[in-house]
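Subject: Structure for you to look at

Hello,

The structure you asked about is below, with the sequence. Please open it before reading the notes that follow.

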Number of protein chains: 2
Amino acid sequence: MSDSAYDRLEARFRRREVLAEAGGLLHWDMSAMMPAGGAAARAEQLATLDLLGHELVAAPETGDLLEQAEAEAAGLDGWQRANLREMRRDWRHATALEGSLVEALSRAGRRCEMAWRAARPAGDYEAVRPLLAELLSLVRRKAEAKAESLGLSPYEALVDEYEAGLTLDRIDPLFDDLAGFLPDFLGGVLERQAGRPQGELPPGPFPAARQKRLAERLMAAVGFEFDHGRLDTSAHPFCGGVPEDVRITTRYDESDFASAMMGVLHETGHALYERGLPAAWRLQPVGRARGMALHESQSLLMEMQACRSREFAGFLAPLAREELGGSGPLWEPDNLLRLYHRVEPGFIRVEADEVTYPAHVILRYRLERALIADDLSLEELPGAWNEGFRQLFGSVPPDDRLGCLQDIHWYDGGFGYFPTYTVGAVIAAQLFEAARRDRPEIPAAIGQGDFAPLLGWLREKVHGQGSRWSTTELVEQATGRPLDPAVFKAHLKARYLDD
Amino acid sequence: MSDSAYDRLEARFRRREVLAEAGGLLHWDMSAMMPAGGAAARAEQLATLDLLGHELVAAPETGDLLEQAEAEAAGLDGWQRANLREMRRDWRHATALEGSLVEALSRAGRRCEMAWRAARPAGDYEAVRPLLAELLSLVRRKAEAKAESLGLSPYEALVDEYEAGLTLDRIDPLFDDLAGFLPDFLGGVLERQAGRPQGELPPGPFPAARQKRLAERLMAAVGFEFDHGRLDTSAHPFCGGVPEDVRITTRYDESDFASAMMGVLHETGHALYERGLPAAWRLQPVGRARGMALHESQSLLMEMQACRSREFAGFLAPLAREELGGSGPLWEPDNLLRLYHRVEPGFIRVEADEVTYPAHVILRYRLERALIADDLSLEELPGAWNEGFRQLFGSVPPDDRLGCLQDIHWYDGGFGYFPTYTVGAVIAAQLFEAARRDRPEIPAAIGQGDFAPLLGWLREKVHGQGSRWSTTELVEQATGRPLDPAVFKAHLKARYLDD
């Protein structure tokens, strides 16, 4: 009895997923554990795993099996057909590239990332520019090859790696809408904020070990399982690992516990998505997270929607007092909430509030499109950054550390990733609104540190769906209507103007 | 211009080594970082990497290339010829096995190891026996398949994986010699020890964080480079990672700092060997450590020969006082040295002194030979362990935690490994004697915490040779004569009877 073409594809993609998961752990280790001297050996390991995974998908046999399986698709169920569709999508991305380009991209990305780690604190853009130039030139080759194969523009082909189907005709209207709405809105928020009491940080210091204990209690309340994951420290917080072993990281500022707590809750949102992916489809393309916009919606739903709420502040305050030994009015929910609702334009994206955040993304989106289209050179990048920032924020970063060196994305080859942040914020607002409508008990439960109602809804509507639907379909099914920035804008108005 | 067969072999084995290194890091993480819930996914990753590595070596093309390259070997230099010899050795080991057996062994080993982690503290041998039975049956299949292919007995074929050429006609005379010498010698040592002042542990507690600081200072003195490695905590100390990023682990007993310090120095000996392997032959078979007996010689040379010396005690004492806040006569070198030279039969191998250690190994060697030959069943193992222990030590462990459950080796499939420990101890003594003869300044330098003379000798004679020579050849070249247990016995006499 021979396996069907579909079964053989499952075996093939399973091996590819296992290799990708091994690579993911190696990347986590690189960021959270590895001493600098290990970089070259690690880059080799990652490049080899990338190449082997590529070869499995791009092999002629895979194409043959896909054709056979598609011809026999009538015998498959809905999940299987979706899995086959995702396999075809992977195949289209993989076959566009030569193996040598995949390997070269992996190596150049690791090399540039390691150089950036040293160049960023020093604010020394010129030190990393040659490696970035090498990397960008490879990314452009990739974008052009994929554009042809996918029938997209080169920049869209890059975005498509992170979020399937997120084309410019979906991004541009959304960003234009927000770019039209936010400047006036921000003015209104700042004016109102100036006339009200300011949130004030309780006095520190807050030792990292105690912040970590508080963070772990919050994570546990939200639903993180510590026999299925870890919290560690890294320069750039992220979520890695696999669904049964999710690795999140944060960084601690001993003068400000509030920042790390929201960072941890953000990453916990990512972690819960991974943990909730459909177990029956582990190690298959359809069992993966849908895309990075939906992923970001899960972190932002947790951080911005659920945990910067008045209800959560009521849950957080006594825990923070207990773990950090605080007392007095600065530790009351009202003050913490004012801290967490403070709006303030600043140079650093990852420290930005949700009102100014989209402008940070729009800046990067414009610049990376221009870089990929070769309308902007890397020599011009710092100047273009500063000019773009001035137009959006009215000020100029004093150095590149606070400017074009601040984010890892370009320096590890992640061009096309940035738009997913703001699309994710818009999705988050719409999902959270729908969850509260379906389960009105959610806000009060959050006030008790009980995330089960919210998590139950997310497991059913989002996490457990894996990649069965497109993001567009999933949002519409979960919320009853197409994605619409009106919900996000209404959320901002309610929180920052009406509350 | 086409690459030669030899060049193509280098590319092929390079890829295999990179995969093995990726697997090594994943295994380190499993032991030092991974939450229990990640075990199944990790087992999949390791099994897939093991299988891919196996397929690269066992592929028919590899055999064809080896024949071609061997026919053209006259054009190769000495290192290349040694590399080709090691490739052929790997090929013999790999082609003996079906890929399905390699995968099954990897999975069963991880599964049994995880079950053992829970069964050991509970002393519950029966809980892990079914998984051990599955694993042992696969190991026997492997041993028989390799025996045929290598022209060795099944047990020898297993030992050969860890230490090439370590056959029973080399092990047995050595172990018989020691088994004849040690009982009387031990009696003499214990008698003498009873009539002299005993070493006494300074009073604790010693917080793990402070022990770690002291350990890191000692590691740095010995030559460990922290930009090329890490020290972490794990239940079972080991050395992993890659030459540019060596990961060692230890465990801390807050009532006894002395134990962790020697554990760390032992692992540092392993680490320095890895770090000193020939950089020009990275990712080639000839660039690997020669074998586990030689590896163990490097850890024991550092721990037992160099760091349990009078000279090192003089260097250690003031550092320990400083980092641990001690003072008084218990912190003087004389007392520390008495502690470190204490001989005391006990149940646990890893806590044994160097006089009683060989008997622990001989017990395991006898039992695992019988298990592989099917002369002993797993039902009988606990009883056979206790009876064997009684014959060698005159007492019986009170439970299996202190008996046949104590070591990880059988439970992760490492049958055939144990003999390398005692062969390593014998090599260590002979190498250290030769190093002091060649560089008489070594002991005084160690007293100053200056390991450069010793490390320089080891780099030249041992580490930098990789797998160019057999262990037998390397020992003879480094020391001027064949391996001879007389040096080890003379070392024991000098330290425990004459000093």
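The notes below cover how the chains relate, then a sheet, then a pair of helices.

This is a predicted model, in which local features need pLDDT of at least 70 and side-chain atom pairs count only at pLDDT 80 or more, while totals for chains, interfaces and linings use all residues. Residues are numbered from 1 along each chain as its sequence is written, and chains are lettered from A and ligands numbered from 1 in the order in which they are written.

The two chains

Chain A superposes on chain B by a rotation of 180° with 0.0 Å of shift along the axis, at an RMSD of 0.0 Å. This is the relation of a two-fold axis. The same surface serves both copies, as 100% of the contact residues of chain A recur in chain B.

In the interface, 29 residues of chain A are in contact with 29 residues of chain B (contact means that the C-beta atoms, placed from the backbone, lie within 7 Å). On the side of chain A that touches chain B, the elements giving two or more residues are helix H1 (5-32), helix H2 (39-58) and strand S1 (229-233) of chain A. Helices (H or I, at least four residues) and strands (E, at least two) are DSSP runs, numbered from the N terminus. H1(A) gives the largest share of that side, 8 residues. By type, the residues on that side of chain A are 15 nonpolar, 6 polar and 8 charged. Here Ala, Val, Leu, Ile, Met, Phe, Trp, Tyr, Cys and Pro count as nonpolar, Asp, Glu, Lys and Arg as charged, and the others, Gly among them, as polar.

The sheet in chain B

Chain B has an open sheet of 3 strands in the order S1-S3-S2, with mixed pairing. Strands S1 (229-233) and S2 (239-242) of chain B are at the edges with a single partner strand each, so one side of each has no neighbour in the sheet. S1(B) pairs with S3(B) in the parallel sense over 5 bridges, and Gly229(B) stands opposite Val246(B) in S3(B). S2(B) and S3(B) (residues 245-250) run antiparallel and are joined by 4 bridges; two strands count as paired if DSSP finds at least two bridges between them. S2(B) and S3(B) also form a hairpin with 2 residues between them.

All of S3(B) is buried, 6 of 6 residues, so it is largely enclosed by the rest of the structure. A residue is buried if 20 or more other C-beta atoms, placed from the backbone, lie within 10 Å of its own.

A helix pair in chain A

The axes of H9 (residues 208-222) and H12 (residues 310-324) of chain A come within 9 Å and cross at roughly 150°. Axes are lines fitted to C-alpha atoms, for helices over the stretch in contact, and angles run from 0 to 180 degrees between N-to-C directions. The residues of this contact are 4 nonpolar, no polar and 4 charged.

Regards

Methods. Contact = placed C-beta atoms within 7 Å. Buried ≥ 20, exposed ≤ 12 C-beta atoms within 10 Å, placed from the backbone. Least-squares fit on C-alpha atoms with pLDDT ≥ 70 in both.
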